[in-house]
Amino acid sequence: MNLTDLQVELKSIEEYIAVLQTEIEKMKPKTEEQRTIDFKQITILAENSTVVNEDIKKMSEQTKKLMFSSLSYIILKEENDLYDRILYLTRLAKGSEFNTSAEDIYKYGLEFEMKDINNLIQDIKEYRYTYIIEALIIVNISENASTDMLSIIADIASMMDLSKEELRVLGMVAKSVLIGNIDYILN
């Protein structure tokens, strides 16, 4: 090994250490003040780029709150990519005329309890397909869905009396939305 090889090796080690340092910073718990600042920025981003869902627009304010609370509860099961998921939920809320902030959506998820699931199922019975599609989009938005989140969605789908075939089709619809290719469903 010559001097040039050693310098190249040292440079790659430095880059690797920098990547590790960045990952460590991401893992550190954020202060409440930093989290509040992040949520405000997410809310501003969401207001400028909403996701409109006509079915959710039709829901009552109480049903919307219950829906967003339960979706937030699901995404809080995994800290990875939390801010990406909260951003999508906030964009969806803004586009569905549910005036709330990213911080409120986060708090709704913390307050939601599994005993509230029966109310959710009753309130969104006619919108159950929309709910499952949005849930699948949210957990897969970063291509890193945890089994905990997916099992909660599967349990809710089961409580809504959705068959495996219906769930499979809804998964395909969610994937087509995520990849931005409507032809995926047709194939």
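Predicted model: local features only at pLDDT ≥ 70, side-chain atom pairs only at ≥ 80, totals over all residues.
Guide: Residues are numbered from 1 along each chain as its sequence is written, and side-chain values use heavy atoms, with hydrogens and water left out.

Visitor: How many helices and strands are in the protein chain?

Guide: Helices (H or I, at least four residues) and strands (E, at least two) are DSSP runs, numbered from the N terminus. The protein chain has 11 helices and 0 strands. Its C-alpha atoms fill a box of roughly 70 × 45 × 30 Å along the principal axes.

Visitor: At what angle do helix 4 and helix 5 pack?

Guide: Axes are lines fitted to C-alpha atoms, for helices over the stretch in contact, and angles run from 0 to 180 degrees between N-to-C directions. Angles under 35 degrees count as roughly parallel, over 145 as roughly antiparallel, 65 to 115 as roughly perpendicular and the rest as oblique. Helix 4 and helix 5 (residues 82-95) pack at about 170°, with axes 10 Å apart; helix 4 is therefore roughly antiparallel to helix 5.

Visitor: Which residues of helix 4 and helix 5 meet?

Guide: Contact means heavy atoms within 4.5 Å. Phe 68, Leu 71, Ser 72 and Ile 75 in helix 4 meet residues of helix 5 including Leu 82, Arg 85 and Ile 86. For classes, Ala, Val, Leu, Ile, Met, Phe, Trp, Tyr, Cys and Pro count as nonpolar, Asp, Glu, Lys and Arg as charged, and the others, Gly among them, as polar.

Visitor: Which residues does helix 4 bring to helix 9?

Guide: Tyr 73, Ile 74 and Ile 75 in helix 4 meet Met 149, Ile 152, Ile 153 and Ile 156 in helix 9. The contact has 7 nonpolar, no polar and no charged residues. Helix 4 and helix 9 (residues 147-159) pack at about 145°, their axes 8 Å apart.

Visitor: How is the packing of helix 8 and helix 10 read?

Guide: Helix 8 (residues 128-140) and helix 10 (residues 164-179) pack at about 55°, with axes 9 Å apart, so helix 8 is oblique to helix 10. Among the residues that meet are Ile 132 and Leu 136 in helix 8 and Leu 170 and Val 173 in helix 10. By class, this contact has 11 nonpolar, 2 polar and 2 charged residues.

Visitor: Which element gives the largest share of the lining of the second largest pocket?

Guide: Helix 4 does, with 4 residues. The lining includes Gln 62, Lys 65, Tyr 108 and Asp 116, and by class it has 3 nonpolar, 3 polar and 3 charged residues. On a 1 Å grid over the protein atoms alone, a pocket is an open set of points where a 1.4 Å probe fits, with protein on both sides within 12 Å along at least five of seven lines; lining residues have an atom within 4 Å of a point.
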